Amino acid sequence: MKTITILGATGSIGTSTLDLIEREPERFEVLALTANCDVARLAAAAIRTRAKRAVVADEGCLADLRSALAGTDIKCAGGRAAVIEAATMGADITMGAIVGCIGLEPVMAAIQGGKTVILANKEPLVSAGDVVLAAAAKYGATLLPADSEHNAIFQCFDAARPERVRRIILTCSGGPFRTWSTAEMRSVTPEQAVAHPNWSMGAKISVDSATLFNKGLELIEAARLFPVPHDSIEIVIHPQSVIHSLVDYVDGSVLAQMGPPDMRTPIAHCLAWPDRMATPMAPLDLVAIGRLDFEAPDPERFPALRLTREALNMGGARPAILNAANEIAVAAFLAREIGFLEIAAIVDDTLSVYHPAAPGTLGDVLAVDAEARSIARRQVGYRNGALMKDSVV
Ligand code: NDP
Ligand code: MG
């Protein structure tokens, strides 16, 4: 029996995680479940799993949570500090499934417990990779990657002989606009952008998958997690999303991990690691799939690939700035304040005006993140026509 806390239990990854652990109640005991404000989903999951604690990050939702859980012995709490506190309850396994860099502090709190932390939440690794990895080493925490590509690499990568790895090949579905021209992408709506051809995911990562910022963030994530030179991590478009990534060794052997496009496979791999556990999906039917296609990515139509590669190579604060600006731009696009192509333009603009020193501590990263957000918000205002160009710093 292992205890588990799910940070972001009401989202796409959180729901998939609950689905798996609820199938094996003799194997997992839930300590805490957290959400932002989806009280109905959180309360229902807390009751089903007999969680010890349910937490909403938005304090304004706490009263509703209390009434939804009235008559149970589930402890309720609200606010950002309460989410961080939930991460310190000592769970054997913590699933980091909050969306965005807002998940950084809870993840760091979980790491300090020195147990297993599963990372779906990729933004903290992008923005604060060094800080996160140093904390994991210091406190003896085990980090397991749930992101499907990184989980695939983790399964194929010979950690004892990283120098024998020639390349890591990250696969990318290409998103819903893989074959669209830049002109066609100009008028993309939020509805079109969140309709991913292969995966069902939260809104933010769906937009990231359409701009290919998701693959760019994953490039940085891979560089953090696997000790290989940055230029030996390549991206290849693979529209079927059957091969989740590959590792190429010096002898010419290429190991790939395959599976259905369902996050429950990589999540189950992390939950049971180093053992395995069953998932309910049908076995992969290669004959029905028929063929696997590959193509080169196009950095002209998808500037996110260039911006993320540059941020990775320059290092320092660049990945944190890129991530923060992207989070703001995606939210603005979803709110219909800017167009689809302006997401990358705002990230580019924010990177070109802000040059802070490399962050060395968690506090430094949070300060860079906050400042990059406010610059990106001004860029949104300018592009949205609400501000005059002169007022943009
Ligand atoms: P969702 O948007 O579906 O879920 C996000 C979760 O975070 C919800 O539980 C939400 O609560 C909670 N949350 C939102 N804002 C806050 C906040 N300010 N404070 C605390 N909690 C908050 O996202 P996904 O599940 O799609 O993605 C989660 C993470 O996993 C992301 O980093 C994503 O990049 C990564 N990932 C996702 C994949 C997928 O297939 N979905 C695949 C690989 C990685 P509420 O419901 O109350 O709003
Ligand atoms: Mg992924």
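Asp158 has a relative accessible area of 25% and is therefore partly exposed, where buried means under 20% relative accessible area, exposed over 50% and partly exposed in between (1.4 Å probe, protein chains only). Its salt-bridge partner is Arg161, with 2.7 Å between the closest N and O atoms, and Arg161 is likewise assigned to the partly exposed class, at 44% relative accessibility. A salt bridge here is a side-chain nitrogen of Lys or Arg within 4 Å of a carboxyl oxygen of Asp or Glu, and by this rule the count comes to 31.

This is a predicted model in which local features need pLDDT of at least 70 and side-chain atom pairs pLDDT 80 or more, while totals for chains, interfaces and linings use all residues. Residues are numbered from 1 along each chain as its sequence is written, chains are lettered from A and ligands numbered from 1 in the order in which they are written, and side-chain values use heavy atoms, without hydrogens and water.

| Salt bridge | N to O distance |
|---|---|
| Glu123 with Lys204 | 2.9 Å |
| Glu149 with Lys215 | 2.7 Å |

Glu149 belongs to helix α7 (residues 148–156) and Lys215 to helix α11 (residues 213–225), so their pairing ties together parts that are 66 residues apart in sequence; helices (H or I, at least four residues) are DSSP runs, numbered from the N terminus. Glu149 is buried at 8% relative accessibility, and Lys215 is buried at 4%. Salt bridges with shared partners join Glu149 and Lys215 with Lys122, Asp147 and Glu218 into one network. Glu123 and Lys204 are both buried.

How values were computed. Helices (H or I, at least four residues) and strands (E, at least two) are DSSP runs, numbered from the N terminus.
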